[in-house]
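Work through the exercises below with the sequence and the coordinates open beside you. Each task is followed by a solution that goes step by step.

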Amino acid sequence: MTQSATFLVAGNERSTTEALTGLGFVFGSPRATTTTLLDTFDGRLHRGGLRLRVTESVRVELELSGHGTAPAHVTVDAAPRRPADIPPGPFRSRVAALIDVRALLPQLRIGARCTNGVLRDAAGKVVVAAELSEGIHVVDRPDVACPTTIEIHEFPGYAKHADRTLETLLVAGVERSESDTLTLCAEAAGVDLAGYTSTATVPLDAAIEAGDGHRLVLANLAATISANWQGTIDQTDPKFLHELRIAVRRSRVLLANAKQVLPSATLGHIGDEFSWLTDLTSPARDLDVYLLEWANYTDPLGADVAAALGPVRDLLEQRRVEAHDALERGLRSERAATLMNSWQAWLTEPLDGGVVPARARRPLGPVVAKRITRAHDRLLEHGRMIEPETPAAQVHDLRKDAKKLRYLLECFGSLLPKGARKKYVKRLKALQDNLGEHQDAEVHVEMLRAVATDLHETGAPVDTIVAIGQLTERLDQQRHAARVEFAERFADYDTPATQRTLDAMLDGIAK
């Protein structure tokens, strides 16, 4: 038997409970409950095969259940938003491992009248549990009809008792459901428990017109920007800003590579506006990353140094708040609203035949293959120019080259054979990781030096100034290590094998 089973018992409640009572179940009194299903915006618990729900009745109880595991329960004061809101222990650790920095959000809220029953063995131990839910309704959705259900939960090691329970219900003529109560309610309410998953890749055909293909990808990216807009404003979790920012940057890369494919007037105007949006999001994102990595930076220095760096963290937190306030004002501005409204409208309207560039009518495949090849060649050309004494700004520009190439591969990924693309991206990602480590350390060193100047001017404690020096030295070491490693990473990428993989990847769409 599975971990649990659900039966639809609407109109058959009395005979169902009587059948189970005859089997030895003891039922308690009905109680009114409200159950809230929690998950991240992108459904990480659902994808991990887990379900986290808060049941409010006599007390507030948090339940974590999943495939092949017994449900775990903890009592809480209120629905948690983050793992830190859950009592310490395996329960919290399991949730934290899946959701990372994402916030827990209510996905579905249902009310019901629940009656619980248990079956005990000769020693008095509970071996099977049953929960009858009547009058089920989705809170704030009076138009949604939900069936009456009874859920049977098996306790590990007592499969025979559970099997007998199921057989009893089937003999009683009760219909078994393929879904549990929450899933049935979610389906009735049109709630997708998988959450929102953003992807740059959309289904494409290499034979469609290049202009249409580019607009399909840009429309998908615009949808991602919109989906993460309010969460960024509300600062629900750092991932909203991250996803919005990536979608904006992918859009900019596509626009820059769409010359003679999309109208130049559109490319110029929207490109400028997305550049403004990128600049608007940068300060808040940089500070988000710094504070998310703070423990990784400071813990190796020891508890005393980490404590002495408290004023630094406080100042960074203050600047992060200020940066997000400025970002919120920008995203709520008329300029931002006009940008998104006009952009989404343009992406859905037919192109004006009089301003369509010549390449817009060409097949998408060859146009994309040429863009990817050109981006790859540019990365090699600029990478071969990097020497140990090359300025950091030039290394950062190379990182931008790698990102542009990666974004093209992601946005047009459905045109490329999966095996060859995966092999090529693996080589590219190894180089990108190295460039990212170098750039993060570079940015954070500069930010730390600016903070040190401000704190010194305000009379910060001597131990804080000394600790800043120690942290700066550690970040400098990370930056230097990444720079030394770059030559090896780039040499691994700049090989005939990489070129052959690229050729194999583009062979099917190049002509």
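**Exercise 1. Overall make-up**

How many helices and how many strands does the secondary structure of the chain come to?

Solution. The model is a predicted one, in which local features need pLDDT of at least 70 and side-chain atom pairs count only at pLDDT 80 or more, while totals for chains, interfaces and linings use all residues. Residues are numbered from 1 along each chain as its sequence is written, and side-chain values use heavy atoms, with hydrogens and water left out. Helices (H or I, at least four residues) and strands (E, at least two) are DSSP runs numbered from the N terminus, and the chain has 17 helices and ten strands. The C-alpha trace spans about 80 × 70 × 50 Å along its principal axes. Of the 511 residues, 48% count as buried, where buried means under 20% relative accessible area, exposed over 50% and partly exposed in between, with a 1.4 Å probe and protein chains only.

**Exercise 2. Two helix pairs**

Determine how H15 packs on H16, and then how H6 packs on H11.

Solution. Axes are lines fitted to C-alpha atoms, for helices over the stretch in contact, and angles run from 0 to 180 degrees between N-to-C directions. Helix H15 (residues 418-457) meets helix H16 (residues 462-493) at an angle of about 160°, and their axes lie 9 Å apart. H15 is therefore roughly antiparallel to H16, since angles over 145 degrees count as roughly antiparallel, under 35 as roughly parallel, 65 to 115 as roughly perpendicular and the rest as oblique. The crossing of H15 and H16 is left-handed, a term for a near helix turned anticlockwise from the far one by less than a right angle, with clockwise giving right-handed. By class, the contact of H15 with H16 has 18 nonpolar, six polar and eleven charged residues.

For the second pair, helix H6 (residues 210-234) and helix H11 (residues 310-331) have axes 9 Å apart and an angle of about 140°, so H6 is oblique to H11. H6 likewise passes H11 in a left-handed crossing.

**Exercise 3. The neighbours of a strand**

Which strands pair with E4, and in which sense?

Solution. Two strands pair if DSSP finds at least two bridges between them. Strand E3 (residues 31-39) is joined to E4 in the antiparallel sense over five bridges, and within this pairing Thr-35 stands opposite Thr-55 in E4. Strand E5 (residues 60-66) also runs antiparallel to E4, with seven bridges between them, and Glu-56 has Val-60 of E5 as its bridge partner. E4 itself (residues 50-56) is mostly covered, with six of its seven residues buried.

**Exercise 4. Cysteines**

How many disulfides does the structure hold?

Solution. A disulfide is a pair of cysteine sulfur atoms within 2.5 Å, and the structure holds zero. For Cys-114 the closest cysteine sulfur, in Cys-185, is 10 Å away, which is too far for a bond. Cys-185 is in no disulfide either, the nearest cysteine sulfur being that of Cys-146 at 3.4 Å. Cys-114 is buried at 5% relative accessibility, and Cys-185 is buried at 1%.

**Exercise 5. Positive phi**

Where is Asp-140 found, and is this residue buried or exposed?

Solution. Most residues other than glycine have a negative phi. Asp-140, which is not a glycine, has a positive phi of about 70°. Asp-140 is found in the loop between strand E8 (126-138) and strand E9 (149-154), and it is exposed, with a relative accessible area of 72%.

Conventions
Nonpolar A, V, L, I, M, F, W, Y, C, P; charged D, E, K, R; others polar.
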